[in-house]
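Trainee: Please take a close look at one part of this model with me. Then lead me on from there, step by step.

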Amino acid sequence: MMSKMIETITFTVPLSFEAHEIAQQCGKQSSPKKFKQVYLNTLAVYAVDSYLRCMGFETDWPVSDSRNPLMLKLMDVADLHVKQIGKIECCPVLPDADACEISYDAWGDRIGYVAVQFDQSLRQATLLGFTRKVAKQVPLDEMNSLEDLLIYMNRIKQLKPINLMNWFDEVFDAGWQVIDELLNPKQFQFRSFRSNNALPIDRGHKIDLGMQLAEHSVALIVSLPPEPELEVKIEIAVHPMGNQTYLPPGLKLMLINESEELLYQVESRKADNVIKFEFTPDLRELFSINIVLGDANIRQSFRL
């Protein structure tokens, strides 16, 4: 019955004192009859929140219905708001259950449903998989993998182009960090744009290509000149992260225009610690950057 789930990748989160304290507080805000339901829902959201933040997504649990005292009294919800993406429902699964139950209150306004199974002692929670299917029950052996969840969420995010002109006003999109937060000095060695010793405007974003990268992580770096000009030259680069010195061989960095034409491509070799290119788009031009390794393909769209 569980053969498919055994073969897929799961993610286990320790349920710390902090997790149980949050669950206790949320449970007290509901009716006594709903205490157990809210308690388990909260632990499930805690586990999914921990996982998504580990995977580089920005969450906002406090604004979710699952932290709203009125909603907890009226509804059976375990939602988690993910910035730039939407709400995901975190469905608690008891230790011996073979199906994920989805509350009717969560049948709308969700991008998907994650099954979170607890151990008997409630000391840890394991994310088993996710589904986009809206039903009262979904068998666990019909759930999609966590890797599919990450790919799906990244695709949703990619549909929203980033307006690079906002960067000149110091308005940066969620998830785009200063370079020092992502890379160590040895990994970040280029500063192409200089004007009167001014540094470029640059931000980086962690890219997760799922199992294709194994223990590797890479960062997509976008650099603009210090000031907006009639022609804005943009530099796009990919760097290794963490303790990695080199990029995995065969990693492709692609530039795609609005008509889905490949304009430029660079591919990492055996000992490359960066791949990059420069180009000058037209004002208001929409373009996409694809990072490809094997079957994995992550896209981010931009507009100047």
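Mentor: Start at Ile256: its bridge partner in strand 13 is Leu262. Strand 12 (residues 252-257) and strand 13 (residues 262-267) run antiparallel, joined by 5 bridges. Two strands pair if DSSP finds at least two bridges between them. Strands (E, at least two residues) and helices (H or I, at least four) are DSSP runs, numbered from the N terminus. The hairpin has 4 residues between these strands, and Glu260 takes a positive phi near 65° there.

A word on the ground rules. This is a predicted model: local features need pLDDT of at least 70, side-chain atom pairs count only at pLDDT 80 or more, and totals for chains, interfaces and linings use all residues. Residues are numbered from 1 along each chain as its sequence is written, and side-chain values use heavy atoms, with hydrogens and water left out.

Now the rings. Rings of Phe, Tyr and Trp (its six-membered ring) pair if their centres lie within 6.5 Å; planes under 30 degrees apart are stacked, over 60 edge-to-face, the rest tilted. That rule gives 11 aromatic pairs. Take Phe130 and Tyr152: their centres are 5.8 Å apart and their planes at 20°, so the pair is stacked. Phe130 lies in strand 6 (residues 124-131) and Tyr152 in helix 5 (residues 146-158), so the pair ties together parts 22 residues apart in sequence. Both Phe130 and Tyr152 are buried, that is, under 20% relative accessible area (1.4 Å probe, protein chains only).

One aromatic cluster includes Trp167, Phe172 and Tyr264. Look at Phe172 again: Arg203 lies over its face, 3.7 Å from the ring centre. For that label, NZ of Lys or CZ of Arg must be within 6 Å of the ring centre and within 35 degrees of the ring normal. Arg67 sits likewise over the ring of Trp61, its charged end 4.6 Å from the centre.

Last, the cavities. On a 1 Å grid over the protein atoms alone, a cavity is a set of points where a 1.4 Å probe fits but cannot get out; lining residues have an atom within 4 Å of a point. Points join across faces, edges and corners, and volume is the space filled by probe spheres set on them. The whole structure has 2 cavities of 30 Å³ or more.

Note on methods:
Buried < 20%, exposed > 50% of the residue type's maximum accessible area, 1.4 Å probe, protein only. 1 Å grid on protein atoms, 1.4 Å probe; cavity = no way out; pocket = protein on both sides within 12 Å on 5 of 7 lines; lining within 4 Å.
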